[in-house]
Amino acid sequence: MTTSASVPAGPEGAISGGTVTDRLVEANARYAAAFTDPGMDARPVLQVAVVACMDARLDLHAALGLDLGDCHTIRNAGGVVTDDVIRSLTISQRALGTRSVVLIHHTGCGLETLTEEFRHDLEMEVGQRPAWAVEAFRDVDQDVRQSMQRVRTSPFLLHTDDIRGFVFDVKTGRLREIDPA
């Protein structure tokens, strides 16, 4: 398997032949040249939304055996159920037919090393306090439980009976289900 970590980098971390963004745009040109419209609409085939951490080590489609069009994927730092995640889930359910929600956090998450002090440090640096919470945590299992509870109790979501949470082990690739109790 080739990863971007194995791509030769030039000065200041730039990818040989341009910036990382240049590399992505070039890759898209190759992709588009062979692209054919799959004829799908925006409704996920499996009627599931997956909320997960943005960590680059999580290849959700591969880890979950998903194909293009199977699910909605919502990612952020920590896979935390924020107001914006509830917004996306609400649209996913009410406008696009999803019925199930899968929450995936993971071992070795960067949010385990931060505190809300991060916001204070940002305020000192830029002169403005972020409106958002860091949502740092120390116990990944408890954070999954909290996220499941936020989904289950949202008044905006129609379907809260199939909400399941997991911790993805970045060393083994295995999911471990978290009991919501």
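In the predicted model described here, Val50 stands opposite Val102 in strand β3. Residues are numbered from 1 along each chain as its sequence is written, and side-chain values use heavy atoms, with hydrogens and water left out. Because the model is predicted, local features need pLDDT of at least 70 and side-chain atom pairs count only at pLDDT 80 or more, whereas totals for chains, interfaces and linings use all residues. Helices (H or I, at least four residues) and strands (E, at least two) are DSSP runs, numbered from the N terminus. Two strands are taken to pair if DSSP finds at least two bridges between them.

The pairing of Val50 with Val102 belongs to the contact between strand β1 (residues 48-53) and β3, which run parallel and are joined by five bridges. Val51 likewise stands opposite Leu103 in β3. Strand β3 also pairs with strand β4 (residues 163-168), again in the parallel sense, over six bridges. Here His106 has Phe168 of β4 as its bridge partner. In general, strands of a sheet pair through backbone hydrogen bonds, either parallel or antiparallel.

Strand β3 comprises residues 100-106, and seven of its seven residues are buried; buried means under 20% relative accessible area, exposed over 50%, and partly exposed in between (1.4 Å probe, protein chains only). Both faces of the strand are covered, with Ser100, Val102, Ile104 and His106 buried on one side and Val101, Leu103 and His105 buried on the other.

The sheet as a whole is open and consists of five strands in the order β2-β1-β3-β4-β5, with mixed pairing. Its edge strands are β2 (71-76) and β5 (175-178), each of which pairs on one side only. On average, neighbouring strands of this sheet are turned by 25° against each other, direction ignored; axes are lines fitted to C-alpha atoms, for helices over the stretch in contact, and angles run from 0 to 180 degrees between N-to-C directions.

The antiparallel part of the sheet involves β4 and β5, which pair over four bridges. These two strands form a hairpin with six residues between them, and Gly173 in the turn has a positive phi of about 80°. Within this pair, Val167 stands opposite Arg176 in β5.

Phe168 lies in strand β4 and is buried, with a relative accessible area of 9%. Apart from its neighbours within four places in sequence, Phe168 is in contact (heavy atoms within 4.5 Å) with residues including Arg57, Leu58, Ala63, Ile104, His105, His106 and Leu175. The C-alpha atoms of Phe168 and Asp121 are separated by 30 Å, the two residues being 47 residues apart along the chain.

Helix α3 (residues 83-94) lies across β1, β2 and β3, running at about 175° to β2. Helix α5 (residues 140-152) touches β3, β4 and β5, and its direction makes about 155° with that of β4. The twelve residues of α3 should span 16 Å at 1.5 Å a residue, and the end C-alpha atoms are 16 Å apart, which agrees; the expected span is 1.5 Å times one less than the number of residues. In α3, the buried residues are Val85, Ile86, Ser88, Leu89, Thr90, Ser92 and Gln93. The elements covering these buried residues include β1, β2, β3 and α5.

A search of the whole structure finds one aromatic pair. Tyr31 and Phe35 form this pair, which is tilted, with 5.4 Å centre to centre and 50° between the planes. Under the criteria used, rings of Phe, Tyr and Trp (its six-membered ring) pair if their centres lie within 6.5 Å; planes under 30 degrees apart count as stacked, over 60 as edge-to-face and the rest as tilted. Phe35 is partly exposed, with a relative accessible area of 42%.

Overall, the chain contains five helices and five strands, running α-β-α-β-α-β-α-α-β-β from the N terminus on. Its C-alpha atoms fill a box of roughly 50 × 50 × 35 Å, taken along the principal axes. Of the 181 residues, 33% count as buried. Among contacts with a separation of 6 or more, residues 24 or more positions apart account for 60%. The chain exposes about 11,300 Å², of which carbon and sulfur atoms supply 54%; accessible areas come from the Shrake-Rupley method with a 1.4 Å probe, and for residues only the protein chains shown count as cover.
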